[in-house]
Amino acid sequence: MDTLIIRPNESIEAAAETILRGGLVAFPTETVYGLGADAFNPAAVRRIYQVKGRPADNPSIVHIASLDQLVDVAVDVPDELFKALRRVWPGPFTVVLRKSSKVPPETTGGRDTVAVRMPAHPIALELIRRSRPIAAPSANLSGKPSPTSAIHVIRDLMGKVDAIIDGGDTYFGVESTVIDFTRRPPVLLRPGPFTVEEIRGVIGDIVVPEFARGTREADVALAPGMKYRHYAPSKPLFLVECGDVEAMVGKAKELVERLKQHEGKRAAVLCSSETCGQYAGVTVVDMGHRGDLYEVARKLFAALRLVDDLDVDVAVAEGFPELGIGLAIMNRLRKASGFSIIKCGD
Ligand code: TXA
Ligand code: MG
């Protein structure tokens, strides 16, 4: 099929009409690009899953543009949460709630709960306002990193969707924070740009299960999507985690050398701007300054996609502190490594 590429300076009216007709539109948000369809149209939502190759039991997030739309898609929203949402939305914060009967099972992977968020992006908001609440998983093929630029979407979905709105690079670069509010206290299902520290300030206490750190597989009943590896890089990825940065660089270098000597494998190192210079003679991918974890988050998925394109056999990634958005970075890196984690002292 022909995919229409829509530039941000053009009207997004055509894209909104496409959604209303049951078509698929990839659009930018402040986190990653989403692949959207009318959340109330089961056939349209089914097409998202076909195009992505996504398992039907992995539910999508419903994107809304106003709090009025929240009551259309969810029921039993606690009063305190409603007040908190007024403060944090629009933003990278997704809440899991009981679903309304209007939302078809296709959108929620057959569950009686629905994930909802109001994205902080003018294009996304205008698209929703001019159409309806939009069901959208990330706009990548299943198994690939989430797209953080229109180029990534074009590579994955060109010819398979009706339109792609090019809004440039996304702001945060990692997917939204997901919290299950059907449990008391609420449970963090996926760490994201809205940090645990910020959540505790606005919402109060939440549970951070071990799987949210990305150190092990999730409980499927609680977090349906988390049983699927977020993406499986086409090359093995080893993650080096050490408290001390110099020790981590030493450990990473040792691993690169070992892979070369014993297995004849060439490695690329995913490192930070502060440390990349220390890997002489090795292919490096700079993920940004470890002093600015927001920069690392923004560059993370492009770095992982780059590794797949490089002429190397494996990747070795440096770890980052789990503070703030660092928890989201480490969750994605640990999952990408398939839990191949090397620690100092090992
Ligand atoms: O930032 C984001 O969240 C992006 C943009 C496009 O909004 N979207 C995104 O969607 O990352 P997706 O489908 O790739 O990730 C949504 C996650 C999945 O892990 C899914 O399993 C979980 O949210 N989820 C959705 N509905 C749920 C539900 N009812 N209960 C538990 N988890 C749910
Ligand atoms: Mg996704």
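Student: Quick start. Are α9 and α10 roughly parallel or roughly antiparallel to each other?
Tutor: Roughly parallel, because their angle is under 35 degrees. This is a predicted model, where local features need pLDDT of at least 70, side-chain atom pairs count only at pLDDT 80 or more, and totals for chains, interfaces and linings use all residues. Residues are numbered from 1 along each chain as its sequence is written, with chains lettered from A and ligands numbered from 1 in written order.

Student: At what angle do α9 and α10 pack?
Tutor: About 20°, with the axes 9 Å apart. Helix α9 covers residues 293–309, and helix α10 covers residues 326–336.

Student: Which residues of α9 and α10 meet?
Tutor: From α9, they are Leu293, Val296, Ala297, Leu300 and Leu304. From α10, they are Gly326, Ala328, Ile329, Arg332 and Ala336. Contact here puts C-beta atoms, placed from the backbone, within 7 Å. By type, the set divides into 8 nonpolar, 1 polar and 1 charged.

Student: Stay on α10. How many of its residues are buried?
Tutor: 10 of 11, so α10 is largely enclosed by the rest of the structure. Buried means 20 or more other C-beta atoms within 10 Å; exposed means 12 or fewer, and partly exposed is in between. Leu327, Met330, Asn331 and Leu333 are among the buried ones. Charged residues are there too, including Arg334 and Lys335.

Student: And what covers the buried residues of α10?
Tutor: The cover includes helices α7 (196–202) and α9. It also includes strands β12 (237–241), β15 (314–318) and β16 (341–343).

Student: What comes just after α10?
Tutor: Glycine 338, which takes a positive phi of about 60°.

Student: New topic. Where does arginine 46 lie?
Tutor: In helix α2, residues 42–52.

Student: Does arginine 46 count as buried or partly exposed?
Tutor: Partly exposed, because arginine 46 has 15 C-beta neighbours inside 10 Å. Its C-alpha atom is 10 Å from that of glycine 109.

Student: Now zoom out. How many helices and strands does the chain have?
Tutor: 10 helices and 16 strands.

Student: What box do the C-alpha atoms fill?
Tutor: Roughly 60 × 45 × 30 Å, along the principal axes. Of the 346 residues, 50% count as buried.

Student: What share of contacts links residues 24 or more positions apart?
Tutor: 67% of the contacts with a separation of 6 or more.

Note on methods:
Helix = DSSP H or I, 4+ residues; strand = E, 2+ residues; numbered from the N terminus. Contact = placed C-beta atoms within 7 Å. Axes fitted to C-alpha atoms, helices over the stretch in contact; angles between N-to-C directions. Parallel < 35°, antiparallel > 145°, perpendicular 65-115°, else oblique.
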